[in-house]
Amino acid sequence: MSQYFDYLETRSAEQRADAIASVLPQQIAHAQGLAGYGEALSGIESGRIRSVADLARLPVLRKSDLGKAQAAGAPFGGLTTRPASDFAHVFQSPGPIYEPGGDAHDWWRMGRFLNACGIGKGDIVQNCFGYHLTPAGMIFENGARAVGAAVLPAGTGQTELQARAAADIGVTAYAGTPDYLKVILDKAETMGLCLQITKAAVGGGALFPSLRQEYADRGIACLQCYATADLGNIAYESAAQEGLIVDEGVIVEIVTPGTGDPVKPGEVGEVVVTTLNPDYPLIRFATGDLSAVMEGISPCGRTNIRIKGWMGRADQTTKIKGMFVRPEQVAALVARHDEISRARVIASREGEQDLMTVQIEADSGDADCFAGTVAETLKLKGRIQIVAKGSLPNDGKVIEDQRSYD
């Protein structure tokens with residue numbers, strides 16, 4: 001097996017930017033022809049959207065928008081370039097939300113991750129992601145086929161049968177959630193079975209360092225990816241285990257929660273993804289997850305940007321004094337005053353009552369001069385604290401709930 005899945009992974013920044021400049025206008029044009037985008041992309045000259053920075057001119061597409069579009073009658077919300085009957089699969093995720101699935105070579109881009117795990121021809125992958133309605137099972141099966149590996153479509157449950165099958169057929173690799181592999185390994189031990197699994201490709205949950213180390217102690221190299229049902233693979237680990245490398249088939253931005261405004265390099269914000277899949281051109285799709293871009297490139301030699309992995313949820317909507325306060329309202333507060341660089345709403349308790357404190361980063365100013373805007377945008381009155389610029393934590397939070405619910 002070659003060290004890299006293909007040459008795209010080791011391109012220079014200039015080569016990658018040139019490729020984006022070529023394909024991105026076409027993807028925007030595809031999207032503009034779809035009913036699901038309606039007026040969202042009208043008036044945009046697709047030929048002028050040629051870079052990651054240019055994408056910031058476009059609106060963000062949220063999961064709630066997708067749900068509303070599908071509820072209007074179109075199976076995929078009018079966001080695919082083919083009818084549902086032309087896809088290999090139709091999946092249902094909680095909501096319900098429906099996603100298309102293709103069977104073309106590495107349609108979900110999971111092969112790149114499996115290759116980074118060292119999985120390829122000669123391997124048998126025990127695929128313990130679900131095959132029922134949701135797409136995870138087929139996403140990883142499609143990736144396994146892309147790298148030439150055989151698949152045991154195990155799904156979830158029936159652990160004793162899974163352990164027996166892994167031993168009998170000589171499974172060499174695992175795909176599934178991080179913790180279920182341990183269940184299989186422990187069951188195999190109690191059954192006196194010797195397994196040959198040495199590689200694990202995991203996702204769909206947190207891979208805690210202690211669990212990764214336990215697998216390493218058992219001779220299993222375990223790497224994780226970041227993927228969603230809508231987008232497929234977004235980013236993945238390599239053997240270097242230093243952040244998640246962004247996949248070559250997507251463009252990732254990190255934005256201030258509640259907005260589409262890119263954050264400064266290194267700051268925590270919401271992950272927004274644009275796919276380069278012509279069948280399903282999701283443009284600036286907000287994942288609702290928080291992360292941050294890392295400096296430099298991976299020691300493994302792959303040159304695309306890296307993100308730090310999952311760092312929380314961007315939807316920090318919180319009820320204070322019976323009223324919901326949303327991230328987009330905090331963003332509106334910041335936008336109303338040029339002298340405000342960032343703001344953070346803190347929900348706490350004073351006595352037996354909710355208290356809202358609004359911390360505002362500004363060089364100077366009287367808290368009272370912001371009181372009217374706070375009440376107007378947040379629909380609540382609260383304490384206002386002026387803090388120095390750069391003093392608020394870099395954790396992506398614009399709303400922090402400090403109340404104890406114990």
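## Glutamate 270 in a predicted model

Glutamate 270 is buried, at a relative accessible area of 2% (buried means under 20% relative accessible area, exposed over 50%, and partly exposed in between, with a 1.4 Å probe and protein chains only). The model is predicted: local features need pLDDT of at least 70, side-chain atom pairs count only at pLDDT 80 or more, and totals for chains, interfaces and linings use all residues. Residues are numbered from 1 along each chain as its sequence is written, and side-chain values use heavy atoms, with hydrogens and water left out.

The residue belongs to strand E11 (residues 269-275); helices (H or I, at least four residues) and strands (E, at least two) are DSSP runs numbered from the N terminus. A polar atom of the glutamate 270 side chain lies 3.0 Å from the backbone nitrogen of glycine 288. Leaving aside residues up to four places away in sequence, glutamate 270 touches Arg62, Glu253, Ile254, Val255, Pro257, Gly258, Ala286, Thr287, Gly288, Asp289, Leu290 and Ala314 (contact means heavy atoms within 4.5 Å).

## Domains and their interface

The protein chain is assigned domain 1 (13-313) and domain 2 (318-401), with bounds that come from an automatic or database domain assignment. The C-alpha centres of domain 1 and domain 2 are 35 Å apart. Seven residues from domain 1 and seven residues from domain 2 take part in the contact.

About 590 Å² is buried between domain 1 and domain 2, and carbon and sulfur atoms give 61% of this area. Buried area is the accessible area (1.4 Å probe) that two parts lose on being put together, summed over both. Within the area that domain 1 buries against domain 2, Pro257, Gly258 and Val268 supply 58%, more than any other three residues. Pro257 and Gly258 are also among the residues that glutamate 270 touches.

Between domain 1 and domain 2 there are two residue pairs in polar contact, both at pLDDT 80 or more. A polar contact is a pair of N or O atoms within 3.5 Å; within protein, one must be able to donate a hydrogen and the other to accept it, and residues adjacent in sequence count only if both atoms are side-chain atoms. The side of domain 1 that touches domain 2 comprises three nonpolar, three polar and one charged residues (Ala, Val, Leu, Ile, Met, Phe, Trp, Tyr, Cys and Pro count as nonpolar, Asp, Glu, Lys and Arg as charged, and the others, Gly among them, as polar). The number of salt bridges between the two domains is zero.

## Salt bridges

The structure as a whole holds 32 salt bridges, each being a side-chain nitrogen of Lys or Arg within 4 Å of a carboxyl oxygen of Asp or Glu. One of them joins arginine 16 to glutamate 248, with the closest N and O atoms 3.0 Å apart. Arginine 16 lies in helix H1 (residues 13-32) and glutamate 248 in the loop between strand E9 (244-246) and strand E10 (250-255), so this pair ties together parts that are 232 residues apart in sequence. Arginine 16 and glutamate 248 are both buried.

Aspartate 186 and arginine 218 form another salt bridge through their side chains (3.0 Å, N to O). This pair links helix H7, which holds aspartate 186, with the loop between helix H8 (209-217) and strand E7 (221-228), which holds arginine 218, 32 residues apart. Aspartate 186 is partly exposed at 27% relative accessibility, and arginine 218 is partly exposed with a relative accessible area of 27%.

Arginine 212 and glutamate 237 also meet in a salt bridge (2.9 Å, N to O). Because arginine 212 lies in helix H8 and glutamate 237 in the loop between strand E8 (232-236) and E9, the pair ties together parts that are 25 residues apart in sequence. Both arginine 212 and glutamate 237 are buried. Through shared partners, salt bridges join Asp6, Glu9, Arg109, Arg112, Asp247 and Arg302 into one network.

## Loop residues

Leucine 195 occupies the loop between helix H7 (180-190) and strand E6 (199-202) and is buried, with a relative accessible area of 19%. Its C-alpha lies 5.2 Å from that of alanine 167, although leucine 195 and alanine 167 are 28 residues apart in sequence.

Leucine 133, a residue other than glycine, has a positive phi near 70°. Leucine 133 sits in the loop between strand E3 (124-127) and helix H5 (136-146) and is partly exposed at 44% relative accessibility. Lysine 379 likewise is not a glycine and has a positive phi of about 65°. Lysine 379 lies in the loop between helix H10 (368-378) and strand E19 (383-387) and counts as exposed, at 53% relative accessibility.
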